[in-house]
Amino acid sequence: MPLSVSLSIEGDTTVIELAGELDADTAPDFHQTIEKAAGHGTRTIEIRMAGVAYMASAGLRSLVFAQQKVADHVTIKVVGAIEPVSRTIRTAGLDRSIVLDG
Amino acid sequence: MPSTTVMVLGDHPPPPGALLDALRSMDAEVVGATLAELLSCPVELLPAADVLLAPAEVPGASVREAVRRLRRWAGAPIVVVWTVADFAALEDHVRLGHDYLVPPFLPALVSARLLSCSERAELGRTLREADARAALMSYEKELEIGREIQAGFLPEALPVPDGWEIDVLFRPARQVAGDFYDVFELVHRRRLALVVADVCDKGVGSALFMALIRSLLRHTAEQSGLQHLVAAGRAGSSRRIPVVGATPLLNAVTATNGYLTRNHLRQGYFATLFFGVLDPATGSLVYINGGHNPPLLLDADGGLPVALDVTGPAVGVLPDCVYTLGYAQLNPGDTLFVFTDGVPEARCPDGSFLGDARMLDLLALPPSAPPRTGRDVLDVVDTAVRRHTGKAEQHDDVTMLALHRPRAARGPHAGRRAVA
């Protein structure tokens, strides 16, 4: 299942909206978008994941990668993830470095 | 079907009637195009041809550029340039390696020339395909070598203490894997280390990190423990908590996490892992679950499996994080089932997952059921995974390890329940 990725800026927040499945095949698209988002220099990057039905470990790696790409003062938020996806993030302990919201 | 396709360039001057007659008389499909079209239209719309027939009056460099674009899509045609008067222009083309036709345009001569060019084009295509196949075979060979080397990072044989059974199932999704397992002895064979881990993502990158993480864990654990065994021995401790195994365990996981976050954080690779240290004499287990799917402790008497929840984050993500220790006890008949996410996330052809709930159903034992070994557990789960996956592609590595303490065995501290 493909992943659709969109990128926009709302005030001081760069919004990445994902829909579909985030796995080894689709994560490279997300990586590219993260690099673009990091270039925007906003204080917050909000990743909207309500439309993500499944996230494999390659998707977790994307989040770690995102953390590395942005400056220290930038907050990365994951918003709207469904329970299995947010559980995957929490189990790996990534909720300690990114803000997991909703 | 014509054996040859000739693309006739419609640029000025137009081809003489004799040349067109000769083309019509041979077994060839003729397509028209202009140089401007060949240079500007999207490559995926470019027509395919064996031979590109062009007037000598069009610049050689432009024809060469057009051929370059054609090569990217449908393969390069052989260029044949014709003229009736401009022999100087023809010479320029010949220097670029283009073939040529000059009057008289007799059908037999034209046909022979174009067919020989068409054969050259075919030969060129065959050679390119052979090159591509050879390149692919060479990649596959490299991957196969990678697979063999990686197999060397898994234990050759499992050291199984008396009174215990260990069974493993390891089925990578690709030639090289991100999953791994390890079983090795610690502190003069008084403790047994069991590791099941899953390096994030797939493919060669994960495989390289698997080799690194496995080595760091094992090396650190093996190098740190003896002094603490001595210390614990002097203290004459009677605690059931196996502090002896706890030190190499904590050292291995924190040192590996420290190394990865100091040196490799930018690459974003990390591993979820379960690392347990068993005291084979007592059945007590001390463990760290670093962001891994909770292993399930299956009681000999059935009932719901007990999940050994995470005690810290995945390894390689957070610098300076704290791992706490978890403790569990395996009594006679009990089984510890450790697995990677390839098990609950096995997918059937329509995309649905096997799921955690189904796994628990499979493992919950009715009270009347006959005793179950670790091998039985692996078989039950593996059968379910294979049935569920069916004809779908295996998406993720599948790794399972079952540590079982048979009922018959009685060590010096053999459990709280009497066995009939």
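Visitor: Which residues touch the most other members of the largest nonpolar core?

Guide: In this predicted model, the largest nonpolar core holds 98 residues. One of its members, Leu401(B), touches Ile166(B), Val168(B), Tyr181(B), Leu194(B), Val196(B) and Val338(B), when residues up to four places away in sequence are left out. Apart from that core lies another, of 31 residues, which includes Met7(B), Leu23(B), Val51(B) and Phe105(B). In the core of 98 residues, those that touch the most other members are Leu249(B), Phe275(B) and Leu401(B).

Visitor: How is chain B divided into domains, and what distance separates the centres of domain 1 and domain 2?

Guide: The domain assignment of chain B places domain 1 at residues 4-132 and domain 2 at residues 153-404. Taken over C-alpha atoms, the centres of domain 1 and domain 2 of chain B are separated by 65 Å.

Visitor: What radius of gyration does chain B have, and what would a compact globule of 420 residues have?

Guide: The C-alpha trace of chain B spans about 110 × 45 × 30 Å along its principal axes, and buried residues make up 39% of the chain's 420 residues. For a compact globule of 420 residues the radius of gyration would be near 22 Å, but for chain B the value is 35 Å.

Visitor: Why does the radius of gyration of chain A agree with that of a compact globule?

Guide: Along its principal axes, the C-alpha trace of chain A spans about 30 × 25 × 20 Å, and 42% of its 102 residues count as buried. A compact globule with 102 residues would have a radius of gyration near 13 Å, so chain A agrees with this, its own value being 12 Å.

Visitor: How many residues of chain B are in contact with chain A, and how do they divide into nonpolar, polar and charged?

Guide: On the side of chain A, 16 residues take part, and they are in contact with 20 residues of chain B. The residues on the side of chain B that touches chain A divide into 9 nonpolar, 5 polar and 6 charged.

Visitor: Which residues of H5(B) are buried, and what length does the helix reach from its first C-alpha to its last?

Guide: Helix H5 of chain B covers residues 107-151, which is 45 residues, and at 1.5 Å a residue a span of 66 Å is expected. The buried residues in H5(B) are Val110(B), Leu114(B), Cys117(B), Ser118(B) and Gln150(B). From its first C-alpha to its last, the helix reaches 65 Å, close to the expected value.

Visitor: Is Val187(B) buried or exposed, and is Arg189(B) buried or exposed?

Guide: Val187(B) is found in the loop between strand S7 (179-186) and strand S8 (191-199) of chain B, and Arg189(B) is found in the loop between S7 and S8. Neither is a glycine, yet Val187(B) has a positive phi of about 35 degrees and Arg189(B) one of about 65 degrees. With 25 C-beta neighbours inside 10 Å, Val187(B) counts as buried, whereas Arg189(B), with 10 such neighbours, counts as exposed.

Visitor: Why does Ser206(B) count as buried?

Guide: Ser206(B) is found in helix H6 (residues 203-223) of chain B, and it touches Gly178(B), Val199(B), Cys200(B) and Asp201(B), when residues up to four places away in sequence are left out. A residue is buried if 20 or more other C-beta atoms lie within 10 Å of its own, and Ser206(B) therefore counts as buried, its number of C-beta neighbours inside 10 Å being 26.

Methods. Residues are numbered from 1 along each chain as its sequence is written. Chains are lettered from A and ligands numbered from 1 in the order in which they are written. This is a predicted model: local features need pLDDT of at least 70, side-chain atom pairs count only at pLDDT 80 or more; totals for chains, interfaces and linings use all residues. Two residues are in contact if their C-beta atoms, placed from the backbone, lie within 7 Å. Ala, Val, Leu, Ile, Met, Phe, Trp, Tyr, Cys and Pro count as nonpolar, Asp, Glu, Lys and Arg as charged, and the others, Gly among them, as polar. Helices (H or I, at least four residues) and strands (E, at least two) are DSSP runs, numbered from the N terminus. The expected span of a helix is 1.5 Å times one less than its number of residues. A residue is buried if 20 or more other C-beta atoms lie within 10 Å of its own, exposed if 12 or fewer, and partly exposed in between; C-beta atoms are placed from the backbone. The radius of gyration is taken over C-alpha atoms; the globule rule is 2.2 Å times the number of residues to the power 0.38. Domain bounds come from an automatic or database domain assignment. A nonpolar core is a set of buried Ala, Val, Leu, Ile, Met, Phe, Trp, Tyr and Cys residues joined through C-beta atoms within 7 Å.
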